[in-house]
Protein chains: 2
Amino acid sequence: MVGGGVRKPLDYEELNENVKKVQYAVRGELYLRASELQKEGKKIIFTNVGNPHALGQKPLTFPRQVVALCQAPFLLDDPNVGLIFPADAIARAKHYLSLAPGGLGAYSDSRGIPGVRKEVAEFIQRRDGYPSDPELIYLTDGASKGVMQMLNAIIRSDRDGILVPVPQYPLYSAAISLFGGSLVPYYLEEEANWGLDFANIRQTVTEARSKGITVRAMVIINPGNPTGQCLSEGTIRELLSFCYRENLVLLADEVYQQNIYQDERPFISARKVLFDMGPPTSREVQLVSFHTVSKGYWGECGQRGGYFEMTNLPPKTVDEIYKVASIALSPNVPGQIFMGLMVNPPKPGDISYMKYAAESKAILESLRRRAHIMTDGFNNCRNVVCNFTEGAMYSFPQIRLPQRAIDAAQSAGKAADVFYCLKLLEATGISTVPGSGFGQKEGVFHLRTTILPAEEDMPAIMSSFKKFNDSFMDQYDGYGGGGSSYSRM
Amino acid sequence: MVGGGVRKPLDYEELNENVKKVQYAVRGELYLRASELQKEGKKIIFTNVGNPHALGQKPLTFPRQVVALCQAPFLLDDPNVGLIFPADAIARAKHYLSLAPGGLGAYSDSRGIPGVRKEVAEFIQRRDGYPSDPELIYLTDGASKGVMQMLNAIIRSDRDGILVPVPQYPLYSAAISLFGGSLVPYYLEEEANWGLDFANIRQTVTEARSKGITVRAMVIINPGNPTGQCLSEGTIRELLSFCYRENLVLLADEVYQQNIYQDERPFISARKVLFDMGPPTSREVQLVSFHTVSKGYWGECGQRGGYFEMTNLPPKTVDEIYKVASIALSPNVPGQIFMGLMVNPPKPGDISYMKYAAESKAILESLRRRAHIMTDGFNNCRNVVCNFTEGAMYSFPQIRLPQRAIDAAQSAGKAADVFYCLKLLEATGISTVPGSGFGQKEGVFHLRTTILPAEEDMPAIMSSFKKFNDSFMDQYDGYGGGGSSYSRM
């Protein structure tokens, strides 16, 4: 019988330990405090998560027109529909409704609508120059869900290790905890523009194996989150050779492939590099690549659309992934249509092309300018150094915290970067994520912001940051810019 | 190094065993065969899954208008918008856009939009007569995802047991396998209109415990899937007392609460009965209740909207559930708006009320007629007996298979009900799910169909079924209706 001090199954103490172990900083202590402050009436600038529309980015018009029409198919018979929707949006809505029998209200196949998966395959072929098979492409409720599905299939116990870049996007650490696996961190080299050091990675794998961990997969995030670096073709080639030699699945998180802010290293997919390498690597390395409608110049986070493509996975495994996807029936159908539209946008000559091109160009160019404003702003601050955001949506400055700040944090029972970020939040309303949420080398401190606040607000935000940082450094590093009390990099 | 017979991490043999153990019949062998036949050009009637729009049910107009406008907020500034959208849909779209800063393209809070959770809480209070706290309501991508989140929190190892009704909806068996728990079946009594036999359930729990299983939770599906029964208040009261005595979480799957086809036992929520009971039960039993936009007269399966409400869960547990929900950032936002609309539909006096009321009444009344047509149709067939579909969307007839059919199935290497359903599919195009996918007593055979085919097609479907069944019984039970060769119930 319940009561009298007997614990109940959903009491905290009785929960699945893997659930309790999960840490997820993007919506962690800083986010919760920011939400409280917002409730109290403080103006908060939420730069904790890559959520462009929440910070005022307008949706692209054409895809929204198409999905609105798919939601309201009865409009297609309305004689006035042409007054407020362009003809190519109407035609495209009819196209998707023909691909999705039952429309947006019907479950699709659990892998996604076949016709949309075909559009994704055609996009991949155009992008990479190699054919892609729609049967190996599964649509998902955003990329995160796809990553979780794959990690769930890979992880058998806490003896299974997943190589994850550090700093990393905490989806990976959280999902690995949830599925009871072991995260094997490989450090990105901040001094080398967040590059990979393969000698180091090899050493990491050797050490993990000596502890009885079976290292089974490697995650790359390209462009990097939170680090913003774009991988060169050579690096990806080396990565794939490494995965080949070490028998690792490569999980390629390529959700920021449209978000590139430099011209030296345009995005190149792991899949293209793999096929360029030829056999045996191209036939042997198991690769799963992830994409989404949440990023790029789309930023349609709330729609939850994404896909993953499986390369060199045996058919029986592909079937198992299908079976597990079936449990929750199907990814949301509007999100699938957004995915179709993203990979198959208006073409030159289409009625909506000029508008679509202008809107997307404006967003991308503004993001590029914001990447510069933010990097430069951070580098202008005392005790702050920051690599340029080559891609993705984040800036990840290192804050060289004075020893007295570290001591003060310790007295307050906080990690030093959490302490700094909380003070930043209280002083300025800027809601960031402490570097410890992503992982960082011992004694080195960072924070992550997105580059997403409106461009016109950016100078004020950076100056507000600088003012806070100056006063923080004055308080804890009162000797004025001398190097002796810095924590070491 | 890979190759040369070395297994790779995503080879079938190397996958997580829990993934491989999952069985999911709703999209299993029958569904796959039906999909093949459809590709070959055969007309298939998909009654394998409760997917109303896929079988021609039209969406309700008002909610689609509102969500279309939310997708295309720029229409709200278009002077022609009033030509194709009614004023109350426009007002409601503005309302939801005011609740969701950033609109449908922004991630919401991982628990869902606060304003929508408030609407859900108000709906629950109106329905049950007891206040409901929005902070204990989490929105989800359909009810299935919510069920999975809760089972994941509850199950710690294969020593943890979950009581599941048999026949059951295979979401439960599949998710319990995936999370590595143990399903403890309790049998519904077909002769007692799929009722619960508590002496039996108690015995089941005792036996499970004697095998070292910690029984931690109990699932009810009310109205039942696949069995269609509606639980009486007395039964739910007995259930809750049982959970209280045995220290079980009650997971109340109430997704069919709008789908009621008799008047004797209207839907009553487990939560209302719990609070009616008063302390100590009302303060002690941990209850999680699930709802969705996929069922009812909405049938908006593809939108993936749902919620769960937590009763008597401690705050620390509620926080843990929040943390895990955060990993995938947020449920899809359009699905959240549908949930808001479902719990807060047009009211008498609103411009769209008459249309909304007429549409929903027509769907519900037709479903009621179809429930009768189907039950009667099955009961008119030789060796078939079927309880009336009191609620939900399914018919679950028992097929008394002749011994020769069972033998023929065995020779073909098939379960006897799978054998029957495959032959039905090949002969008629009717795609059902064999009873073994839901669980049934040893030696008793069923199939599940939905009652969702269009009403005007129903007589032809039932006559096609009868013709097939007659010929099947002629073939395997050639002595003509005698009882001696039946399998026993």
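A pocket, as the word is used here, is an open set of grid points with protein on both sides within 12 Å along at least five of seven lines, and its lining residues have an atom within 4 Å of a point. In this predicted model, the second largest pocket has 45 lining residues. Nearest its centre lie A:Tyr31, A:Ser35, A:Gln38, A:Phe46 and B:Pro101. The space in this second largest pocket comes to about 1200 Å³.

Both chains contribute to that lining. The biggest share comes from H2(A), which gives six residues. By residue class, the lining of the second largest pocket consists of 25 nonpolar, nine polar and eleven charged residues.

Searching the whole structure turns up eleven cavities of 30 Å³ or more, and the largest cavity has a volume of about 690 Å³. Its lining is made up of 34 residues, and the closest to the centre are A:Lys145, A:Met148, B:Lys145, B:Met148 and B:Ala328. The elements giving two or more residues to this lining are, in chain A, strand E2 (137-140), helix H7 (143-154) and helix H13 (315-326), and in chain B, strand E2 (137-140), helix H7 (143-154) and helix H13 (315-327). The lining of the largest cavity divides into 19 nonpolar, ten polar and five charged residues.

Helix H7 (143-154) of chain B, named above for the cavity lining, spans the position of a residue that also matters for the packing count. Which residues touch the most other members of the largest nonpolar core? They are A:Phe85, A:Leu151, B:Phe85 and B:Leu151, in a core of 263 residues. Leaving aside residues up to four places away in sequence, B:Leu151 touches B:Ile162, B:Tyr172, B:Ala175, B:Ile176, B:Phe179 and B:Leu251.

On the annotation side, an unreviewed UniProt entry lists residues 88-453 of chain A as "domain: Aminotransferase class I/classII large". That span is 43% helix and 15% strand, and its end C-alpha atoms lie 32 Å apart.

Within chain A, helix H9 (residues 198-210) contains A:Glu207. Is A:Glu207 buried, partly exposed or exposed? Its relative accessibility is 40%, so A:Glu207 counts as partly exposed, given that buried means under 20% and exposed over 50%.

Notes:
Residues are numbered from 1 along each chain as its sequence is written. Chains are lettered from A and ligands numbered from 1 in the order in which they are written. This is a predicted model: local features need pLDDT of at least 70, side-chain atom pairs count only at pLDDT 80 or more; totals for chains, interfaces and linings use all residues. Side-chain values use heavy atoms; hydrogens and water are left out. On a 1 Å grid over the protein atoms alone, a cavity is a set of points where a 1.4 Å probe fits but cannot get out, and a pocket is an open set with protein on both sides within 12 Å along at least five of seven lines; lining residues have an atom within 4 Å of a point. Grid points are joined across faces, edges and corners, and a volume is the space filled by probe spheres set on the points. Helices (H or I, at least four residues) and strands (E, at least two) are DSSP runs, numbered from the N terminus. Ala, Val, Leu, Ile, Met, Phe, Trp, Tyr, Cys and Pro count as nonpolar, Asp, Glu, Lys and Arg as charged, and the others, Gly among them, as polar. A nonpolar core is a set of buried Ala, Val, Leu, Ile, Met, Phe, Trp, Tyr and Cys residues joined through side-chain atoms within 4.5 Å. Buried means under 20% relative accessible area, exposed over 50%, partly exposed in between (1.4 Å probe, protein chains only). Contact means heavy atoms within 4.5 Å. UniProt positions are given in the numbering used here, feature names are shortened, and annotations may be inferred rather than shown by experiment.
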